[in-house]
Each structure stands twice: as structure tokens, then as C-alpha cells.
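This briefing goes through one protein model by topic.

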Amino acid sequence: MAAPTNDGLPMFKQLKTKLTFAYGSLLGLILISIAMAVYVSVENTAKTKIADEMEAASAVYAKLWSLKSEQLKHSTGALARDSGFREAAASHDVATLASALESTSRRVSVDISGLITVDGKLILAGSAEEREAPVEIWKALTRDGSERGIIEIGGVPHQVVSEPVRTPGLIGWVLFGSALDAAMMKELEGLSSIPLTAKVVMEDDLSNGHGTEKDVVVRDTRIGGFGELTDAHLILSYPIVAAMAPFRTTLFAVIVVTVCGVVALLVCSWFISRSVTRPISTLDNATRALADGRRMPINVSSTDEIGRLAASFSKMADEIELREENILRLSLTDTETELPNRRALQQKLDDICGQGHANVYAAVISPARFARIMAVIGQNASNRLMATLGKRIADLCQVQGIGRLGSDLLGLIITADNDSDAFRRLQDIVRTVSDSIEIDGEKVDIQLDAGFAPFAADERLGSIDRAVIALQQGRGRHVDLFQFDAEAYGDPSGTLSLMSEMIDGLKDGSIYMTYQPKVDLRRQTIGSVEALLRWKHPVRGFVSPEEFVRTAEETGHIRPLSEWVLKQVRADRQSFVVAGFDIKMAVNLSGRLLTDSDFLDWSIATIRDETSRYCFEVTETAVIDDPELALANIERLCDAGIEISIDDYGSGLSSLSYLKQIPAHELTIDKSFVIPLAAGSSDALLIKSMRMRDPRLKKSMEILFCFPKSLFLWRSLSILMFCIMHKNNKYI
């Protein structure tokens, strides 16, 4: 009987017990590790044994070459000391020298023999001809008188020994050499206890990759070259496969045991996986289904950890389902009022329209003066007020859906036969729910405003958005119920594109400057011009300055536009000066920039050398909006030498108290005062009384009149005069 454990499960029913048996098959891994260790050990042992044998063979070869070198040295010494040979060398008897060299080489069994004279001539054994000695060998002999070393002759390394010939002065050197060819290597290989391979490779060939092989044990012994000639290497090699041959039986047995162990491992793992992985696969499938939003039954009846995991998973799935339902509910609910939110209202609107209902309308209802109400009763009470109002609306049968769109906005969906019917129904709804609401024991009277718009799937703005805009349009007209007016709303997106096109127009020349002369009728002279901005759009045609300048002010593009204007006016003034006309330039200054100190600093710096030839025209409303900062900046402009003109005086809420504080040089009367003068209106008296003195500048202020362009023949005359004067032909 299985012994129970602390967690109440029998030991042999626990997952860890099954995994213990499963991982017991790691014996296969152990066997593989042992096999690899045995193979590596055998290979290292074989390599060590071969290295020892090669070291012994190398020592034997070195000893044999030393004996061979001594033998060659003795033979060359005997020949060099032979009196007959020296006499022949002294008399330069080539035939006698060649004969003596040949007989000696046959006697001592050398492969090459010869005499190199001090003047670089070579006499070989058995050859009656004298030839030039190899330069490298001759230089080695003359430099250090080398006695022995390796020389490559005819592509074969030779062991060479030299001996000087003296009578008594140095005549030359006798050289005897023995070839280290394949036959010689075979003799050396036969002296080793193992069938290794021996060869002598020159160092140049070794550096080029010759003399080394893969999968072999190699021993490399350096052999000195003759003098400063290239050294050679004795390469002893033995293949690893041959070294491993004695161990093949052992390695084969280890491989067989390892393969059998691995097979046993696979069989054992397959049987165990049937009982372990099947429920895990079931849980995996259930998890994937849950991730896709589906529920999948889990049929796991085991009582081990997997069974407990399956039960926990089922409980978790139930909790996730409840949590998702709650999240979905919250995503469609305004948490402050428990009313449906905008998303829920939009879904309801889409569902109603998707069911084929015709003449569906979105409407928005909002309490008037809500900010004042919230300031009095507080945020929480205001939320309860909106919740009560929303419940009243939702209880009405003619309302198809409701949702809170904002702190003071309730959206609803209604159906009607036409716009007039929708207006009447919404009017009835507003009248029905407009009763006072009791909050915390106190009654709050509410007055409701509403806006509505018909559903239209192809509109850029949704129906709910258009209903909100209709509410704002109605409040702007002081109307408590208003239908969305598309014409009044216009195309706000066109404003953004207009500004983008304006930036392009500044670059491509479609926006340009024209100049209107200011004529002094008393003196019949043109003392200054007013800079006027014009835009000839390639698609829209002529764009009114009032339209795009106002839009630039609203979108924040007025500063870059004004900077461009001032730069262009300055450049044009230079052209006027070059043409002989020192004209004063009047430039309109936006009220938005009159309080921008950085822009004014830039403007003063831009025209610093000629500020007295510029006049900035500002409107009276620009001063009234922020008088303290505006007046301070006007003082700065005047101190810099720039004249100030108050433009369109009388078009707004004119204030003489502000006007008398402005150090202005000109006052332009708006055309709304001037036009009625012809009819003899009372405005004439106002105009006559407007001549005044600046209390600080102590000089008269020029009063100009802004006439409509269709009046007065003098305007055409002044334009003609200016165009004749201006050689660059800039027109109004």
C-alpha cells in the first residue's frame, strides 16, 4: 500500500513520483556521457602513446643525422687536406678536381660533391665544365664559412657539409651532400616501432600550408639551414584512425550499450507520457479556448496535482467570465451616474440604424448654467442631478437610447418622421423632464438646452458629434433648441489645409506683397505706403486677407507669417531706395503679436538701421485686451524709433482712456464712421472733434480716414502716381 504524504495524496499518485520515474530514463544521457568520456580518454591515450614514440624516433633520427654529418665532415676534411687536390685547386686544374671529387663521392656514398671557389665558380664531380655557383650558397660560405646544414637542391632537401681548401690561402670550399629523399625517409621510418610517416619540408613550404594534415598526430622538429638559408622541418605523422584501431572493440561495445539505453529511454518516456501529457493537453486546449473567449469542458478525473490543477482552472475560468462581464458593463457605463456612456449610446445608435429604422436622430440635452450649479452644490451632487435627469429621460417611451457624453451632456436617440417632427418631439421631452430636481433635501431648478442632428452614415462627423455642435450653435444664438446647421459649421478641416497651403504659398510666390500709397491731399504728395498682403491661390483663386490672417491667428501661424511679411517689406523698401524713393513703410501688426515680446525684439533687430522709416499699425482692440503689456510693448517700439498707427479706430469698443495713453502718430478712422458722412449724419461732428494732442510726444496726431475702395476718384489717381514712381511695378 502506498504511503500517504503530508498533502494527503498517496505517493505513487503524485505527479512528482511519475516525473521521477520518467526522468529516471536520464540513464540514457549518462550512458552517452560515459561513451563520450571513454572515447575521449582512449583518443588521448593513443595520442600520448604516439607522441612518445615520435619523440623517441625523432631522437634516433637526430643521432643518425649527426653521425652522417660527422662522416661527411671527415670525408670533406680528408679531401681538402689532400696535397694533390690542393695543387689541382691552386693550379685550377678542373679535370683533376672533377675526377678527385667523383672518386671520393663514390667511396663515401654521397649524392652530390663539388668545389666552390672563392670567386664563385662551381666544379662538380665527374664534370669537366666549370659553372657559376648558386649565389645563396656562395654568399653563405663567404659570409660565415658555414660547415653544415640543409640546402634544397632540385626541389629535394640535402644534408650538406663544407670544408675550406687552403694553399695556404683560401682557395675554395669542398661540399659533400646526402639527399633527404623518399628513399632516405623510408629507411628512417623503418627504424620506428610504429608505422609512422617521415618527411623533410622546407620552412617556406610549411608556411604555405604544406607538410601538415588533418586527423593525424604530428611532431615537428626544426633542422637548421645552411648558413642563413631557409631552415627545414622534420615532419613525423601518424593517423589517429590507426592509433584508435586497437580500441575499436571496446568503443563498439560502449556504442551498443548507449544505443540500447537510448531506445529504452524512448520506450519508457512514451508509456509515461500517455498518462501525464494527455490531461496536460486537455488543459492546454481549454486555455486556448478561454483566450478566444470560449468555454471548453475539462474532463480530468485524476486525483493528482493535474486533477487539482484542472479544478482550479475551471474555477479560474468562471471568475474570468464574471470579471469580463463586469469589465464590459463598466466599459459601457458612466461610473459616476450609472448611466450608459458614449460608447453604449453609439452602439445603440448603430444597432437601431442597422435594423433599418428610418429617420433616426441623435440629440443632446444639457442644463443651462451647469458650471454655476456645480459650483454651488458640488461635484457629487451634480453627478446625482445628472443621474436623476438621465433616469427621467430614459423612462420616456419615445427615447430609444440614452448615454452620458460629458459632465453636463446627456445624449439620446429618437425617431421621427422628419426634422420638424423631431424638433417637436425633442421639445416635448425637454418640457417633460425640466421639473426641478431635489438634491440633498433641496430643490434645484434646471433649464435645459438641446441640440439634435439626423443620422447620416456618410458624414465625416458622427451624428452624436453633430448634435453636440448643434447644442453649441443654439447657445451661441441664445436658442434653447437647435438643429445642426452644416452651413454655419463650415469646414474646420479646411482651416488646417488652408494653413498648410499658406506655408507653401510663402515659398512658391502665390502669397505676395502689394503697397497702397498714402496721399497727403493738402500737399499733394505720397509720403508713405501701406504694406498689404495678398494671396492668389492656384485653385481657390483670390483668398481674402481677412480669412487667412484670421485663421493664422487662430492656429498659431501668425508669427511665421508676420516674420515673412516684415522681411519681404524690408527687401522691397531697399528696392524703392535703389530706385530713388525713400518711402516710409506701414506694416499691420497682429494683436496676437503686440504682447509677444520676443517677436517685437526680433522685429526691432531686423529693421534696426532704419526704424524711423517704419510704422506699425495696431488695432484698438489689441490694446484693450491686455492694456498693461500692450502699452509697455508700444513704448518699446516707440523708443526704438518705430511709429505707431491705431488702425480702424471706432470699429470696436473704442476707449479714449486707452487711446490717450498710446504714443501713436496716426489714428485711422474706420469706414463705418466715414461712409455716412455724405448723408450729413451726426458722425461728422465726432470726426471733427477727434483732432487731439499726444500729452507725451507734444505733437499733433494725424487723423486718417479709411474710405471704401469704391469711393473717391483720388484713390485711382494716387495709385496711378505711385505705379509711375515705382519701377518694380508692385500693384495693389
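Strand S20 (residues 525-537) is mostly covered, with 10 of its 13 residues buried. The model is a predicted one.

**Strand S20 and its partners**

- Strand S19 (residues 511-520) runs antiparallel to S20, and 10 bridges join the two.
- Within this pair, Val519 stands opposite Ile526 of S20.
- S19 and S20 make a hairpin that leaves 4 residues between them.
- Gln524 sits in the turn of that hairpin and has a positive phi of about 55 degrees.
- S20 also pairs with strand S21 (residues 541-543), in the antiparallel sense and over 3 bridges.
- His537 has Gly541 of S21 as its bridge partner, and the hairpin formed by S20 and S21 has 3 residues between the strands.
- Strand S22 (residues 584-588) runs parallel to S20, joined by 3 bridges.
- In S22, Met585 is the bridge partner of Val529.

**The sheet around S12**

- Five strands form an open sheet in the order S13-S14-S12-S17-S18, and the pairing is mixed.
- Strand S13 (399-406) and strand S18 (481-483) are the edge strands, since each pairs on one side only.
- Neighbouring strands of this sheet are turned against each other by 20 degrees on average, direction ignored.
- Helix H15 (residues 463-476) packs on the sheet and touches S12, S13, S14, S17 and S18. The direction of H15 makes about 135 degrees with that of S17.
- S12 and strand S14 (residues 409-415) run antiparallel, with 6 bridges between them; Val360 has Thr415 as its bridge partner in S14.
- On the S17 side, 7 bridges join S12 to strand S17 (residues 448-454), again in an antiparallel arrangement. Here Pro367 stands opposite Leu448.
- S17 and S18 run parallel and are joined by 3 bridges, with Gln483 in S18 as the bridge partner of Phe452.

**Burial of S12**

- How many of the residues of strand S12 are buried? The count is 8 of the 8 in residues 360-367, so the strand is largely enclosed by the rest of the structure.
- In a regular strand, side chains alternate between the two faces of the sheet.
- Both faces of S12 are covered. Val360, Ala362, Val364 and Ser366 are buried on one side, and Tyr361, Ala363, Ile365 and Pro367 are buried on the other.

**Helix H21**

- The buried residues in helix H21 (residues 597-606) are Phe599, Leu600, Ser603, Ile604 and Thr606.
- Seen down the axis of H21, these buried residues fall within an arc of 160 degrees, so they line one face of the helix.
- An α-helix has 3.6 residues a turn, so residues three or four places apart point the same way.
- The buried residues of H21 pack against helix H19 (558-578), helix H20 (591-594), strand S23 (614-619) and helix H23 (627-639).
- At the start of H21, a side-chain oxygen of Asp596 comes to within 3.3 Å of the backbone nitrogen of Asp598.

**Backbone exceptions**

- Most residues other than glycine have a negative phi, and most peptide bonds are trans.
- Thr167 and Pro168 are joined by a cis peptide bond, with omega about -15 degrees. Pro168 lies in the loop between strand S5 (156-166) and strand S6 (170-179).
- His92 is not a glycine, yet has a positive phi of about 60 degrees. His92 belongs to the loop between helix H3 (83-91) and helix H4 (94-108).
- Gln524, in the loop between S19 and S20, is exposed, with a relative accessible area of 51%.

**Whole-chain totals**

- The secondary structure comes to 27 helices and 26 strands.
- Of the 732 residues of the protein, 41% count as buried.
- Among contacts with a separation of 6 or more, 63% are between residues 24 or more positions apart.
- The protein exposes about 40100 Å², of which carbon and sulfur atoms supply 55%.

Note on methods:
Residues numbered from 1 in each chain as written. Predicted model: local features only at pLDDT ≥ 70, side-chain atom pairs only at ≥ 80, totals over all residues. Heavy atoms only, no water. Buried < 20%, exposed > 50% of the residue type's maximum accessible area, 1.4 Å probe, protein only. Pairing = 2+ DSSP bridges. Contact = heavy atoms within 4.5 Å. Areas by Shrake-Rupley, 256 points an atom, 1.4 Å probe, with all protein chains shown as cover. Arc of directions from axis to C-beta. Polar contact = N/O pair within 3.5 Å; in protein donor to acceptor, adjacent residues only side chain to side chain. Axes fitted to C-alpha atoms, helices over the stretch in contact; angles between N-to-C directions.
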